[in-house]
Amino acid sequence: MKSWLRQHSAAFLRALKRLRQAPLNTLLSLVVIGIAMTLPAAGYVFLENAKTLGESAAGTQQISLFLDMDARAATVKTVERELEILVPGQWRFVPRAAALEHLQADADLADIVAGLPENPLPDAFILEPAHIAPDELEALRARLARLPGVAHAQLDSAWVERFAAFLALGRLMVSLLATVFAVGLIAVTFNTIRLQVLAQQAEIEVARLIGATTAFVRRPFYYVGLLQGGLGGLAAGVLLTLGLDALQTPIARLAALYGSHFSLAGLSPLQFALLPAIGAALGWIGAQLSVSLALRSHLA
Amino acid sequence: MNMIVATRLTKRYDAYEAVRDLNLEIASGDMAAISGHSGAGKTTLLKLLGAVERPTSGGLIVNGQNLLALGRRALPYLRRSLGLVFQDQKLLFDRSALDNVRLPLDIIGLPPREASRRARAALDKVGLLEREKARPIALSGGEQQRLAIARAVVNRPTLLLADEPTANLDADAARQVLELFAAFNQVGVTVVIATHAPQTIPHPTRLIVLDHGRIAP
């Protein structure tokens, strides 16, 4: 175990040394990886903030719940109890008589309403759900529509559906972007390691001749990939945090103009830590592919 | 006890047979010289004995290990028990003399301090301790060859294989290098040297002359 740890720490140090030996190449690779990881990460942060913004704006959305025409007071009470459980946010009951009075108060409709033989309006509930994602509103509407005594549940869903579609499209674009840049990161690491294998050919040959195992030869290259990807991910995290910090004040000012207290949420500590972890994993994959290919001809 | 037993050993490169149907036994503690004209198969035979190349057919037992039965993963461990000295030395020119000699010890995962101590002892044996920080490029041809020997013996091998170790050296440097081999042989290391000039080998116990990949009668 001690020997295994020693071999790994020696390989890690050799990898660090190799990165230090070509500082400009290392720096350029880190910048490329950093930018490549910043773009999809920034897209993800943007979507998360848009989702939060959508949720806070969802309070202005209404669900109208129309009861059966023959609904009695007991039905209204039952629905009220269900709404207390199911609906996060405000709601109010609009009796059919009050709704008719409201129509009669409208000068344009007064004559039409006066000509009606009886009140055609049902009792209704007006709901303003809060803290609920736009794409969850439709699910809530469907559930409310199934309540006993409810004839129809109507969601003003055009805005919600558009927003949900926008978020879905955004997620797809970020996923595609992340995939493309992940492949790019693997390719950058692949090339870096390939060049390093070429530069270290003499050392690899000698090491093999005097008893180095395949693992001994490969290990430092894996660590180079791991380090390069990890440091690139770290750079992406720092770049993104700095960028979000710079946007914080202008966005808060813009939100204030619309009477909102919205502020841009940055990366959580876990999300920040994920960036170097993902970078390291992709770097390791690039190194693995490159070393396997480059050393294939080497080993007797 | 035999250090090397080769039975109908053959190595073929496409249609060319570099070593063919070769039978050979070298006892432990021998100082063997392999001679022959260029292209006779000396280097190929040495590569086979050093597990650098795989035989095409035949049997080969080195240091008690059947090379044909050994898997790919086991080969490096066999190589660690051997000391190889190459005609072109194969030194790492971007490393110091000490680091060159330390390499086999780093490969087996020896603690750094112990590795440095043993590498210095090996450099001392070949008379290069004072040059431990020098890069190989700063050493003479003879010193480079002695450095290669130090690297070959630092793992305390039981078998030392050398391919034309005195080629390109002047007479004095060649004598010093050969005396080193003789010294290691005297402490029990089996030494096999491929050479054009077997008469220069001090106290050989075996002389093997190759001709077209076979032992000359």
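Between domain 1 of chain B and domain 2 of chain B, the count of salt bridges is 0. Welcome to this predicted model, in which 15 salt bridges turn up over all chains, along with 5 aromatic pairs.

- Domain 1 of chain B is made of residues 1-81 + 158-217, while domain 2 covers 95-156.
- Where the two meet, 12 residues of domain 1 of chain B are in contact with 13 residues of domain 2 of chain B.
- The size of an interface is often given as the accessible area lost when the parts come together.
- For domain 1 and domain 2 of chain B, that buried area is about 1000 Å², with 73% of it on carbon and sulfur atoms.
- On the domain 1 side of chain B, the residues that lose the most area to domain 2 are Arg80(B), Leu180(B) and Phe184(B), which together make up 49% of what that side buries.

**A salt bridge between the chains**

- Side chains of opposite charge can pair when their charged atoms come close.
- Glu203(A) and Arg95(B) do this in a salt bridge, at 2.3 Å from N to O.
- This pair crosses between chains: Glu203(A) belongs to helix α8 (residues 201-209) of chain A, and Arg95(B) to the loop between β6 (82-85) and α3 (97-107) of chain B.
- How far are the two partners buried? Glu203(A) is buried, at a relative accessible area of 14%, and Arg95(B) also counts as buried, at 14% relative accessibility.
- A network of salt bridges links Glu205(A), Asp88(B) and Lys90(B).

**Salt bridges within chain B**

- Glu132(B) and Arg120(B) join their side chains in a salt bridge of 2.9 Å, N to O.
- Glu132(B) sits in the loop between α4 (112-125) and α5 (141-153) of chain B, and Arg120(B) is in helix α4, so this pair ties together parts that are 12 residues apart in sequence.
- Another salt bridge brings together the side chains of Glu179(B) and Arg175(B), at 3.0 Å from N to O.
- Glu179(B) and Arg175(B) are separated by about one helical turn, because they are 4 residues apart in helix α6 (residues 171-186) of chain B.
- Glu179(B) is partly exposed, with a relative accessible area of 42%, and Arg175(B) is partly exposed too, at 41%.

**Aromatic rings in chain A**

- A pair of aromatic rings is described by the distance of the centres and the angle of the planes.
- Among the 5 aromatic pairs over all chains, Trp91(A) and Phe125(A) form one that is edge-to-face, with 5.9 Å centre to centre and 70° between the planes.
- Trp91(A) is in strand β2 (residues 89-94) and Phe125(A) in strand β3 (residues 124-129) of chain A, so the pair ties together parts that are 34 residues apart in sequence.
- Is Phe125(A) buried or exposed? Phe125(A) is buried, with a relative accessible area of 0%, whereas Trp91(A) counts as partly exposed at 25%.
- Phe125(A) also pairs with Phe93(A): the ring centres are 4.9 Å apart and the planes are at 50°, so the pair is tilted.
- Phe93(A) lies in strand β2 of chain A and Phe125(A) in strand β3, so this pair ties together parts that are 32 residues apart in sequence.
- Phe93(A) is partly exposed, at a relative accessible area of 27%.
- Taken together, ring pairs link Trp91(A), Phe93(A) and Phe125(A) into a cluster.

**Charges over rings**

- In chain A, the charged end of Arg18(A) sits over the ring of Phe221(A), 4.6 Å from its centre.
- In chain B, the charged end of Lys90(B) is placed over the ring of Phe86(B), 5.7 Å from the ring centre.
- Lys90(B) is also one of the residues in the network of salt bridges with Glu205(A) and Asp88(B).

Key. Residues are numbered from 1 along each chain as its sequence is written. Chains are lettered from A and ligands numbered from 1 in the order in which they are written. This is a predicted model: local features need pLDDT of at least 70, side-chain atom pairs count only at pLDDT 80 or more; totals for chains, interfaces and linings use all residues. Side-chain values use heavy atoms; hydrogens and water are left out. Rings of Phe, Tyr and Trp (its six-membered ring) pair if their centres lie within 6.5 Å; planes under 30 degrees apart count as stacked, over 60 as edge-to-face and the rest as tilted. Helices (H or I, at least four residues) and strands (E, at least two) are DSSP runs, numbered from the N terminus. Buried means under 20% relative accessible area, exposed over 50%, partly exposed in between (1.4 Å probe, protein chains only). A charge sits over a ring if NZ of Lys or CZ of Arg is within 6 Å of the ring centre and within 35 degrees of the ring normal. A salt bridge is a side-chain nitrogen of Lys or Arg within 4 Å of a carboxyl oxygen of Asp or Glu. Domain bounds come from an automatic or database domain assignment. Contact means heavy atoms within 4.5 Å. Buried area is the accessible area (1.4 Å probe) that two parts lose on being put together, summed over both.
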